[in-house]
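Visitor: I have a structure to look over, and I would like to go through some of its features one by one. Could you take my questions?

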Amino acid sequence: MYSFRWLLGVLHLVVWGSTLQNIRAIPPRDPVQCNGTVCTLYNSYGAWGDRKDCHFKTVAYPTTEEELRLAVAYANKNKFKAKVVSKFSHTIPKLACPSSRSDDSLLISTAKYDSNIEIDSANFAVTADAGVALRELIDKVEEAGLSLVAAPYWEGVSVAGLISTGAHGSSWWGKGGAVHDHVIGLSLIVPASESEGYAKVIQIGAQDQLLNAAKVSLGVLGVISKVKFSLEPGFKRIITFNYTDDSLIESEFIEHGKKYEFGDITWYPSKHTAAYRYDSRVSMDASGDGINDFLGFQDNEILASESVRAAEKAFESAKNVNGKCTLAAITLGYKKLIANGLKNNGLIFTGYPVVGRQGKMQASGSCLYSPITRIDSSCAWDPRYKGLFFYESTAIFSVSKFGEFIRDVKRLRDLRPEKFCGVDLYNGFLIRYIKASKAYLGQSEDSIVVDFNYYRADDASTPRLNQDVIEEVEQIAFLKYGARPHWAKNRNLAFLNVQTKYPNYNKFLAAKKQLDPQNMFSSEWSDQILFGKEAVKSDGCALEGLCICSEDRHCSPSKGYFCKPGLVYTEARVCRYPPSSTLI
């Protein structure tokens with residue numbers, strides 16, 4: 001059995017690997033790989049929800065808007081299915097895969113369409129090519145003395161990709177934390193008639209009703225070529241993390257969102273701990289040049305990532321709950337020690353509060369970049385190595401229902417707190433705020449977002465330790481309380497009946513029919529997500545979240561996992577390993 005001393009050694013590798021000054025970060029691989037016969041699209045994790053590869057015959061790399069239009073025209077003229085991907089491909093659902101038939105599909109990559117960023121300081125606006133990376137956009141805006149108010153925490157996204165799937169930070173203030181609500185215009189390339197050259201560019205302004213469809217579109221309306229964002233005068237932020245008891249989350253979350261413009265809460269259920277992020281705007285005159293280099297997005301020495309994954313697999317195989325809990329406790333302790341990656345004056349954490357420019361505090365992703373050094377490192381989930389491999393579930397709640405969700409999860413936690421150690425080993429439950437949006441596929445009311453990551457097995461047929469608890473939490477969220485799924489994350493079951501959860505859903509479909517009447521930009525996978533379809537149930541389908549079990553065969557009866565009712569939400573159906581007395 002793995003000893004506590006060995007666990008400390010693993011964490012030492014993580015700490016050592018993430019704090020070295022001479023690290024050669026290996027950039028993520030190109031998501032498009034071609035072998036001369038066929039091309040394959042991967043996401044950044046190396047596996048789609050169904051673990052089936054996405055193949056296609058042709059890929060285009062436009063560098064200008066006209067070349068982008070010509071690529072769409074080529075697809076339309078030849079009656080091809082078409083999809084767009086950025087150089088990041090960070091979406092978990094298979095939205096970017098054009099078709100299951102590789103011979104009639106075109107993939108358009110915006111990796112090389114990223115040259116133009118035009119700042120209009122007088123009108124506090126910026127317009128960028130679709131493929132521009134978020135970090136490049138933020139840096140240009142900050143150089144002009146301005147700030148982009150909203151951004152996702154992860155900066156490895158393109159400007160078109162992040163708005164298309166509803167990416168967000170955290171805020172109920174102003175226009176809110178969703179980036180698409182700061183979009184004031186965009187250019188969209190859509191199919192057209194032969195006389196119009198088979199494709200045309202349409203300009204969609206702030207007052208155009210089509211903007212409500214186009215700014216969160218899942219890529220099914222056309223190809224975004226340019227995005228225009230509103231800006232504000234430059235500002236700084238001041239951040240403090242307060243680690244405290246979790247007893248009052250359900251009664252304090254509303255006031256927390258109202259009090260702090262960029263606040264969030266990270267909840268570690270197994271440790272009965274909540275980390276409240278006190279995060280507010282201050283003037284540029286405030287002293288401090290700090291940065292947010294979030295621990296989970298720093299480069300990890302490859303050996304460290306592989307060692308942590310090996311430890312997880314060993315715990316899973318031995319059903320060693322205590323091993324996961326020990327590793328989770330050490331990880332949480334280290335996060336407290338280094339303020340989860342906040343650095344005073346850009347170097348190390350020396351104490352709270354940490355003050356820094358908006359552009360250095362709003363998003364991070366240092367594992368993406370490649371300084372010249374001597375030790376190999378990468379993003380911890382890089383699929384080229386045997387590092388972290390996990391699911392990410394994200395549920396978006398009506399404010400009125402979120403408190404009861406927390407109470408239900410606490411009831412489930414209190415039965416066996418150690419069953420939540422697998423979630424706390426990653427990042428617990430990250431709780432953020434989104435304001436009501438006019439986007440048809442955005443949030444129609446002020447909302448609370450909960451993200452949680454957890455272990456994914458190397459093989460689809462391998463059950464997970466305590467997976468019944470995570471499945472019950474998912475079903476409490478999406479079924480009992482009607483939470484809405486984040487469009488770029490989640491396992492397939494989260495999207496069941498999603499069309500009933502958006503009041504303007506039919507308006508979006510009307511816009512889709514208007515702009516792409518032949519469904520050139522739709523595929524069986526985007527339809528599965530957009531129309532909330534459940535896959536055909538098969539043996540083991542519940543293990544990967546492709547279905548909710550209704551028979552034992554949907555779990556893994558040969559390995560002792562059977563379809564059972566939930567423990568708190570008894571209408572849930574989860575895959576449970578009954579002999580809990582054997583857990584270490």
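Guide: This is a predicted model.

Visitor: Which feature does UniProt place at residues 52-234?
Guide: The UniProt entry is unreviewed.

Visitor: How do helix 10 and helix 12 run relative to each other, roughly parallel or roughly antiparallel?
Guide: Helix 10 covers residues 399-415 and helix 12 covers residues 467-480, with axes 11 Å apart. They pack at an angle of about 160°, and angles over 145 degrees count as roughly antiparallel. Helix 10 and helix 12 are therefore roughly antiparallel.

Visitor: Is the crossing of helix 10 and helix 12 left-handed or right-handed?
Guide: The angle of about 160° is given between the two helices. As for its hand, the crossing of helix 10 and helix 12 is right-handed.

Visitor: Which residues are closest to the centre of the second largest pocket?
Guide: That pocket holds about 500 Å³ of space. Its lining has 13 nonpolar, 8 polar and 7 charged residues. Of the 28 lining residues, the closest to the centre are G49, D50, C541, E544 and L546.

Visitor: What is omega for the cis peptide bond between Y352 and P353?
Guide: P353 sits in the loop between strand 20 (342-343) and strand 21 (354-357). The cis bond joins Y352 to P353, with omega about -5°.

Visitor: What is the phi of K79?
Guide: K79 is in the loop between helix 2 (65-77) and strand 6 (81-85). Although K79 is not a glycine, its phi is positive, at about 55°.

Definitions and conventions:
Residues numbered from 1 in each chain as written. Predicted model: local features only at pLDDT ≥ 70, side-chain atom pairs only at ≥ 80, totals over all residues. Heavy atoms only, no water. UniProt positions renumbered as here; feature names shortened; annotations may be inferred. 1 Å grid on protein atoms, 1.4 Å probe; cavity = no way out; pocket = protein on both sides within 12 Å on 5 of 7 lines; lining within 4 Å. Points joined across faces, edges and corners; volume = space filled by probe spheres on them. Nonpolar A, V, L, I, M, F, W, Y, C, P; charged D, E, K, R; others polar. Axes fitted to C-alpha atoms, helices over the stretch in contact; angles between N-to-C directions. Helix = DSSP H or I, 4+ residues; strand = E, 2+ residues; numbered from the N terminus. Parallel < 35°, antiparallel > 145°, perpendicular 65-115°, else oblique. Left-handed = near helix turned anticlockwise from the far one by under 90°.
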